[in-house]
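I opened the model to look up its strands, helices, cores and ring pairs. My entries follow in the order I made them.

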Amino acid sequence: MKTLGQWQLRAAFARRLSEMYGREVPAYATLVDVSREVNADVLLRSGAAAERFGSVGRVTAERHGAIRVGTPAELHQVARIFGALGMEPVGFYDLREAASSAVPVVSTAFRPVAAEELARNPFRVFTSMLTPADPRFFDPELRRRLENFLARRQLFPPELLALADRAERDRELPEADAERFLHLAVRSFELSDEPVDAAWYETLERVSAVAADIGGVHSTHVNHLTPRVLDIDDLYRRMTARGIRMIDTIQGPPRWNGPDVLLRQTSFRALAEPRRMRRPDGNVSTGALRVRFGEVEARGLALTRRGRARYDALLDEADRRAHPDVPRADTVRAVWEEGLPSTERGLIEHGLAFFTYRISDERPAQGEPAPANMMDLLRQGWIRAEPIVYEDFLPRSAAGIFQSNLSGEGTRNDSREAIRYDLDWLAGAIDRHIHDPYDLYERQQNDSIAEVAKALGIAGALD
């Protein structure tokens with residue numbers, strides 16, 4: 001009997017979700033086409049250097065999705081579905097604190113964690129959960145109504161969850177069951193044509209457009225689906241030239257003359273999509289909601305904890321230097337050039353970024369003893385460094401994308417004390433270990449160093 005393993009289920013799900021979203025949001029199909037054009041042109045222009053952060057085949061096929069749910073129980077079910085696809089929760093993101101407008105959600109990302117699984121299919125889903133208990137956004141009466149509404153809905157059919165549990169347990173599904181699982185999973189993230197209660201939606205929208213998108217309807221849907229591109233600045237220009245309205249900025253690090261680090265993101269503006277609305281008198285009419293947008297990303301080096309602290313400090317410095325007469329991009333670029341090494345070697349020397357290490361084909365002749373120091377091995381040509389790609393997300397950038405696509409600022413009462421959520425709380429809510437992304441990158445780097453030491457016959461740990 002033919003079976004599909006988890007990575008095959010993951011690849012098929014990502015492909016079908018992309019096809020579905022392209023039908024629902026035609027501008028997304030344009031975004032994918034332009035991304036392919038840009039990637040092909042970068043490969044033609046730069047050759048092998050274009051694939052420094054992954055083969056162009058992987059980059060072009062790569063996607064990350066974003067969904068939003070309302071309760072820990074719903075997030076627990078999402079974890080089961082993605083667990084069937086070999087995707088584990090990584091990282092904790094508090095978007096409530098990362099945005100100036102009302103974004104009352106906390107998030108994690110589901111993705112493969114092993115390097116070989118990422119190479120097979122690197123699909124990720126950034127998953128946000130509403131925080132009705134936070135009194136800065138929801139007063140007691142609205143919280144009660146919202147939690148009652150969420151408790152009554154069912155996002156995922158029991159058959160889907162049962163198949164998901166089986167796929168996660170067995171790490172595969174027979175072909176017929178795999179087809180059923182994929183059908184139910186994709187359908188669960190389609191935009192529903194069920195009429196939206198206009199009065200209830202508008203009540204939540206006054207607090208937060210994100211809250212309305214999550215808690216104002218009886219279903220969930222793909223909020224955005226993101227291709228990866230090798231030159232995000234070029235893509236931004238090409239999309240604008242096609243008449244597609246982009247948000248004002250590219251979120252994340254600036255374009256500069258040093259190494260690409262972390263993640264840069266941008267999107268086209270959320271589109272007004274026709275939705276059936278049920279009015280207070282019971283009549284159903286056609287309205288429009290702006291909740292879905294087309295995001296695109298460019299990925300660079302994963303930074304160490306020290307590197308990430310440096311990155312955050314540079315952002316703070318750019319904020320301090322901001323001046324209305326100077327483009328922010330120019331200010332950020334200047335801060336970057338002052339505060340970060342301009343080469344990968346410099347990042348390594350300062351312990352700011354993660355790399356894997358491999359024996360060099362041009363290492364010194366056999367018989368010469370290898371130094372027991374990583375930097376000496378690099379300088380003398382014994383080994384080469386290969387960048388570890390950042391596979392995760394940035395709260396400030398994610399919040400910036402959300403904020404740029406909101407229909408309004410919403411309301412937030414900072415005189416009230418926030419309810420605390422953290423990684424441990426979220427892990428308990430979904431009954432799963434949530435990986436610390438730094439630990440994953442460090443393990444990958446350390447494993448490669450151990451292999452180098454073994455291959456070179458170096459006893460003990462490398463300095």
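I began at the hairpin of S10 and S11, where five residues lie between the strands and Gly282 takes a positive phi near 95 degrees. Helices (H or I, at least four residues) and strands (E, at least two) are DSSP runs, numbered from the N terminus. The model is a predicted one: local features need pLDDT of at least 70 and side-chain atom pairs count only at pLDDT 80 or more, while totals for chains, interfaces and linings use all residues. Residues are numbered from 1 along each chain as its sequence is written, and side-chain values use heavy atoms, with hydrogens and water left out.

Two strands count as paired if DSSP finds at least two bridges between them. Met277 stands opposite Ser285 in S11. I noted Arg278 in S10 as the bridge partner of Asp197. S7 and S10 pair in the parallel sense, over two bridges.

I wrote the sheet down as open, with three strands in the order S7-S10-S11 and mixed pairing. S7 and S11 are its edge strands, each pairing on one side only.

Which residues of S10 are on its covered face, and which on its uncovered one? In S10 (residues 272-278) I found Glu273, Arg275 and Met277 on the covered face, and Ala272, Pro274, Arg276 and Arg278 on the uncovered one. In a regular strand the side chains alternate between the two faces of the sheet.

**Strand S12**

I turned to S12 (residues 294-299), where six of its six residues are buried. Buried means under 20% relative accessible area, exposed over 50%, and partly exposed in between (1.4 Å probe, protein chains only). Both faces of S12 are covered, with Gly294, Val296 and Ala298 on one side and Glu295, Glu297 and Arg299 on the other. S9 (residues 263-268) pairs with S12 in the antiparallel sense over six bridges. Ser267 stands opposite Glu295 in S12.

I checked the length of H14 (residues 328-339): its twelve residues reach 16 Å from first C-alpha to last, close to the 16 Å expected at 1.5 Å a residue. The expected span is 1.5 Å times one less than the number of residues. Thr331, Val332, Val335, Trp336 and Gly339 are the buried residues of H14. Seen down the axis of H14, these fall within an arc of 135 degrees, so they line one face of the helix. The arc is that of the directions from the helix axis to the C-beta atoms. The buried residues of H14 pack against H13 (305-321), contact meaning heavy atoms within 4.5 Å.

For H2 (residues 26-46), 21 residues at 1.5 Å each should span 30 Å, and the end C-alpha atoms are 31 Å apart, which agrees. I listed its buried residues, including Tyr28, Leu31, Val38 and Val42. Gly47 follows H2 with a positive phi, near 65 degrees.

**Nonpolar cores**

I looked up the largest nonpolar core and found 78 residues, with Leu95, Phe138, Trp336, Tyr357 and Ile383 having the most contacts inside it. Such a core is a set of buried Ala, Val, Leu, Ile, Met, Phe, Trp, Tyr and Cys residues joined through side-chain atoms within 4.5 Å. Leu95 touches, among others, Val103, Phe126, Pro395 and Phe402, not counting residues up to four places away in sequence. Apart from this core lies another, of 65 residues, among them Ile67, Phe123, Leu184 and Met239.

**Aromatic rings**

I searched the whole structure and got 16 aromatic pairs. Rings of Phe, Tyr and Trp (its six-membered ring) pair if their centres lie within 6.5 Å; planes under 30 degrees apart count as stacked, over 60 as edge-to-face and the rest as tilted. Phe137 and Phe138 have ring centres 6.3 Å apart and planes at 55 degrees, so the pair is tilted. Phe137 is buried at a relative accessible area of 5%, and Phe138 is buried at 2%.

Phe149 and Trp200 also form a tilted pair, 5.8 Å centre to centre with 45 degrees between the planes. I noted that this pair links distant parts of the chain, with Phe149 in H7 (residues 140-152) and Trp200 in H10 (residues 198-207), 51 residues apart. Phe149 counts as buried at 7% relative accessibility, and Trp200 is buried with a relative accessible area of 7%.

My last entry is one aromatic cluster, formed by Phe13, Phe82, Phe110, Phe123, Phe156 and Phe189.
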